[in-house]
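I looked up strand partners, sheet order and a bit of surface.

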Amino acid sequence: MTPVSSGSARPHVVVVGAGMGGLSAALDLAGSGAQVTLLERHDVPGGKMRQIPVAGAGVDSGPTVFTMRWVFEELFEAAGRSLGEHLNLMPAELLARHSWLDGSCLDLYTDLDRSVSAIAELAGLGEADAYRRFAAQSQRIFETLDRPFMRAQKPGPVSLTLSMGLRGLPRLYATKPFSSLWQELERTFRDPRLRQLFGRYATYCGSSPYRAPATLMLIAHAERAGVWIVEGGMQRLAEALAAVAMAEGASIRCGTQVERILAERGRVSGVELADGEVIRADAVVFNGDIAALSSGLLGDAVVSAAPPRRRDRRSLSAITLSTVTRAEGFPLAHHTVFFGADYRSEFDSIFRRGAVSNVPTVYVCAQDRESGRRPVGSEMERIFCLINAPAKPLSQDETQQFAHNMVRCLERHGLTLGASDDGVITTPEDFGRLFPATGGALYGSPTHGWAGSFDRPGSRSRMPGLYLAGGSVHPGPGVPMAALSGRLAAARVRADLGV
């Protein structure tokens, strides 16, 4: 077919992938005056932020927690829009409910004093005081790293240190990069249940709390600063970003497979689609796992554009169940975590043996509930369950066994899910097909060791004209972080093209 060119003096940027990073980059670039074409292989935008239709209802089956609202407020404001005009967000007072096999239960709140009181009732005044110290420390870490690391273009250890200056060195050292999260939790809490609870934040980055740096304590502050429930489900966020990007002039084409990224004279020149169409571009933003580039899935021209990832550097995957059913016997909140019996064994099973624990920790999102209240006038409700798993193919027998273990673990906590013929199980192999070259890993590389946070590439790739966004690049995985990666990529494009 005849190559497509912008035919305009405005720079033409092609964005590949309509996940959070790609949508944010497209919105920023279109709002800056660039001609933007966003290409998405799936039928709807959102990437891992997906809904699965079950029994006529859409079940959120990807990210379910909306935090760091200000990231999206700034993104919309940069385009002269208001987030509140496009998305109905309801603040959640209850962050999450937590249950242990000994029958104990703990609610955490955005209100610090309410959480302190709840912890005192669970574990005593000493642990409540320890939580106050933990909360203050996690806030200091977040505030220390917010702008010089999370919002900065690919800082390294040296550049981050220099940006902080001599006076900032004590604050930088206080982020605990050389201690594991678990080591810091052992120093902070005596109660093993609280170590288990706060160690779970490492899984937000696809990592083990026994190997991730204590720096990830900052996630605790990000949640405590506010969790919101998106009316209509998380997919509405992707739809809102897409709508505003199109209003700013971006063209979004879903159901469009990019076959390869093209290069001429050592610089990216456009993309070729599966049907042979060629779209010329002055720059390309790739919002996908960087392993797709190094493995050759997008053509030989960009194989060296990003570093390859070893199989042993894959983050967590998951086995999930999306269903509409009766949930009885336990007062579910919107977010509920049911902890397994042996936390260390869970992560050793995954990262050392490539297996799943027989008594796993199960996360449940009851989308139709808030603060433990069942939807009025309805016995059936949307339920999403998740257990962590290794990023590798599982046999059908293994999948069935792990799904059985998930349900059995919930029953040990007192939660019974009614039978449903419409439930959808998603395995690591399924995630690998949905998101090419990931092998099922949902978070890029795990954040392990003091240098783990610096392992991800920045927004400018090794190939001129090709830029990177998404959870596998800096500043890392998660809905707000992926959005920040898109904004960082857009800033690089604007600077390099003079937009």
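I began with A318 and found that this residue stands opposite N388 in β18. The two strands concerned, β14 (residues 317-325) and β18 (residues 381-389), pair in the antiparallel sense over nine bridges. For my own record, strands pair if DSSP finds at least two bridges between them. Helices (H or I, at least four residues) and strands (E, at least two) are DSSP runs, numbered from the N terminus.

A note on the source: this is a predicted model, where local features need pLDDT of at least 70 and side-chain atom pairs count only at pLDDT 80 or more, while totals for chains, interfaces and linings use all residues. Residues are numbered from 1 along each chain as its sequence is written, and side-chain values use heavy atoms, with hydrogens and water left out.

Next I traced the sheet that holds this pair. I read an open sheet of seven strands with mixed pairing, in the order β7-β6-β16-β17-β18-β14-β20. At its edges I found β7 (105-109) and β20 (424-426), each pairing on one side only. Neighbouring strands here are turned by 15 degrees against each other on average, direction ignored. Axes are lines fitted to C-alpha atoms, for helices over the stretch in contact, and angles run from 0 to 180 degrees between N-to-C directions.

Then I turned to another open sheet, whose five strands run β9-β2-β1-β13-β21 with parallel pairing. Its edge strands are β9 (251-254) and β21 (466-469), each with pairing on one side only. Inside it I checked β1 (residues 12-16) and β13 (residues 283-287), which pair in the parallel sense over four bridges; V14 stands opposite V284 in β13. Helix α1 (residues 20-31) packs on this sheet and touches β1, β2 (35-40), β13 and β21, with its direction at about 165 degrees to that of β2. Contact here means heavy atoms within 4.5 Å.

I also stopped at a hairpin. Strands β3 (residues 51-54) and β4 (residues 57-60) run antiparallel and are joined by four bridges, and the bridge partner of I52 in β4 is V59. Two residues lie between the strands, and A55 takes a positive phi near 50 degrees.

Last, I asked where Y173 sits, and found this residue in helix α6 (residues 157-173). Y173 counts as exposed because its relative accessibility is 61%, given that exposed means over 50%, buried under 20% and partly exposed in between (1.4 Å probe, protein chains only).
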